[in-house]
Amino acid sequence: MTQHTDLPSDLLPPAVRQFLGAHIVRDADTASSFLTEDAVIVDQDETFRGREETDAFLRDAGSEFEYTTEQIGARRVDDTHWVVTVRLEGTFPGGVAELDYRFALRDDLIAELVIANHPA
């Protein structure tokens, strides 16, 4: 059964919460420590697989822009799938974006992260 619930960030799984905390402050090394060795990240239809590619993505994503990040929603889909919605505001084209970070967990680590536009 799928359960959709708005959650405060302190009720997210530790790997998700700590990954986001590190990712928001652009601490790629710490963010990477919450990924499985064979993790997959999909962002804007580009896929990064394994430690080397996901580390590079986390280091470089958005580095050419200045922006702030605010968590505006979170929900549990099931025991291993979670969605966190963030709002970015900054110097990138358009200046504002709402994105869903869709996490799949395995053994208390992030096995997959899909970053996509939040449906309007």
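## Overall fold

The protein chain contains 3 helices and 6 strands. Their order along the sequence is α-α-β-β-α-β-β-β-β. The radius of gyration is 14 Å, close to the 14 Å that the globule rule gives for 120 residues, so the protein chain is as compact as a globular protein of that length. The C-alpha trace spans about 40 × 35 × 25 Å along its principal axes.

Among contacts with a separation of 6 or more, 40% are made by residues 24 or more positions apart.

## Burial, surface and charge

Of the 120 residues in the protein chain, 40% count as buried. The accessible surface of the protein chain is about 7,000 Å². Carbon and sulfur atoms supply 48% of that surface.

The side chains of the protein chain include 10 positive and 24 negative ones. The centres of these two sets lie 3 Å apart.

## Helix α3

Helix α3 covers residues 50–60, and its buried residues are Gly50, Thr54, Phe57 and Leu58. They lie on the same side of α3, because the arc they cover around the axis is only 95°. Glu52 and Arg59, on the other side of α3, are exposed.

## His81 in strand β4

His81 belongs to strand β4, which runs over residues 81–90.

Leaving aside neighbours within four places in sequence, His81 is in contact with Arg76, Phe103 and Ala104. Leu105 is 24 residues from His81 along the chain, and the C-alpha atoms of His81 and Leu105 are separated by 6.4 Å.

## Summary

In this predicted model, the protein chain has 3 helices and 6 strands. Helix α3 has Gly50, Thr54, Phe57 and Leu58 buried, with Glu52 and Arg59 exposed on the other side.

How values were computed. Residues numbered from 1 in each chain as written. Predicted model: local features only at pLDDT ≥ 70, side-chain atom pairs only at ≥ 80, totals over all residues. Heavy atoms only, no water. Buried < 20%, exposed > 50% of the residue type's maximum accessible area, 1.4 Å probe, protein only. Helix = DSSP H or I, 4+ residues; strand = E, 2+ residues; numbered from the N terminus. Arc of directions from axis to C-beta. Rg over C-alpha atoms; globule rule 2.2 N^0.38 Å. Contact = heavy atoms within 4.5 Å. Areas by Shrake-Rupley, 256 points an atom, 1.4 Å probe, with all protein chains shown as cover. Lys, Arg positive; Asp, Glu negative; His and termini not counted. Charge placed at Lys NZ, Arg CZ, Asp CG, Glu CD.
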